Amino acid sequence: MLKVSCIHAFYGNIQVLKNIDLQVEEGSIVTILGANGAGKTTTMKTVAGLLKPQQGKIEFLGEDVTGLRPDQLLRKGIALVPEGRQILAGMTVMENLEMGAYHRKDNEIGQDLEKVLERFPILKEREKQLGGTLSGGQQQMLAIARAILSRPKLLLLDEPSMGLAPLIVADIFKIIKEINETGTTVLLVEQNARQALKISDYGYVLEIGKIVADGKAQDLLNDPRIMEAYLGRKSS
């Protein structure tokens, strides 16, 4: 579904991504792991069109989409839930959700909205509440729900569990798995490596802008080097 080839990306004169190659198969969950500053968010921004690569190629469903704007990519089926959620704090929950479908012209938006509110009952309870007054976990659910309403084929999730309580984190990962099971492919960046790998099919490890390891998620979870470096547990 997604193929990223030989991507080089910069912020000004500083090179952040160095020859990145990765693939995401349709129907899968793929996780990108790495320490702070490794280039995970930059990778997501590049795939989502927020940062234009200086070299390399991005293909989506067999089409070269390198350098397309975020709104163009959204219409093709790529939706990003950014780090920090970035909901519209001064708008209500319902208005935030409606913004997720702003580009759609079909007549099934109402039906999709009902499904989203069934999946996220807390949002239905608070649909008239301002987004900025929600808790962190509720804001994350709102950000994910808003993205779902764009009907993405590929959902990009950047640090969805950041700053959330453990019980809420468990809910978020359950929701991600459920979204995937309904047919949406997921590319996930996540500090909670163990939880991310448990629900993923494949994973990549980034260090200082380079991919240094990749493999099936279960293999990475069982790799002593990965366990020590990213899961905080030394091998015996």
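Which residues lie nearest the centre of the largest pocket? Select Leu74, Ala79, Leu80, Pro82 and Arg146 to see them.

Before moving on, note that this is a predicted model, in which local features need pLDDT of at least 70, side-chain atom pairs count only at pLDDT 80 or more, and totals for chains, interfaces and linings use all residues. Residues are numbered from 1 along each chain as its sequence is written, and side-chain values use heavy atoms, with hydrogens and water left out.

**Stop 1: the largest pocket**

The pocket holds about 520 Å³ of space. A pocket here is an open set of points on a 1 Å grid over the protein atoms alone, where a 1.4 Å probe fits and protein lies on both sides within 12 Å along at least five of seven lines; lining residues have an atom within 4 Å of a point. Its volume is the space filled by probe spheres set on the points, with grid points joined across faces, edges and corners.

Now colour by element. Helix H2 (70-76), strand S6 (78-81), helix H3 (93-100) and helix H6 (136-148) each give the lining at least two residues. S6 has the largest share, with four residues. Helices (H or I, at least four residues) and strands (E, at least two) are DSSP runs, numbered from the N terminus.

Colour by class next. The lining has 14 nonpolar, three polar and two charged residues. Ala, Val, Leu, Ile, Met, Phe, Trp, Tyr, Cys and Pro count as nonpolar; Asp, Glu, Lys and Arg as charged; the others, Gly among them, as polar.

**Stop 2: H3 against H6**

Keep H3 and H6 on screen. Their axes come within 7 Å and cross at roughly 35 degrees. Axes are lines fitted to C-alpha atoms, for helices over the stretch in contact, and angles run from 0 to 180 degrees between N-to-C directions. Select Val93, Asn96, Leu97 and Gly100 on H3, then Leu142, Ala145 and Arg146 on H6: these make the contact. Contact means heavy atoms within 4.5 Å. By class, the contact has four nonpolar, two polar and one charged residues.

**Stop 3: the second largest pocket**

Go to helix H4 (residues 109-119). H4 supplies four residues, the largest share of this lining. The pocket holds about 270 Å³ of space. Among its lining residues are Asp112, Lys115, Arg119, Arg151 and Gly183. The lining divides into five nonpolar, three polar and four charged residues.

Pick Arg151. Arg151 sits in the loop between H6 and strand S7 (154-158). Arg151 has a positive phi of about 60 degrees, although it is not a glycine. Arg151 is partly exposed, with a relative accessible area of 40%. On this scale, buried means under 20%, exposed over 50%, and partly exposed in between (1.4 Å probe, protein chains only).

Pick Gly183 next. Gly183 lies in the loop between helix H7 (166-181) and strand S8 (185-189). Gly183 is exposed, at 53% relative accessible area.

**Stop 4**

Select Asn19 in strand S2 (residues 14-24). Asn19 has a positive phi of about 60 degrees and is not a glycine. Asn19 is partly exposed, at 41%.

End in helix H1 (residues 40-48), at Thr42. Is Thr42 buried or exposed? Thr42 is buried, with a relative accessible area of 6%. Leaving aside neighbours within four places in sequence, Thr42 is in contact with Ala9, Tyr11, Val16, Leu17 and Leu51.
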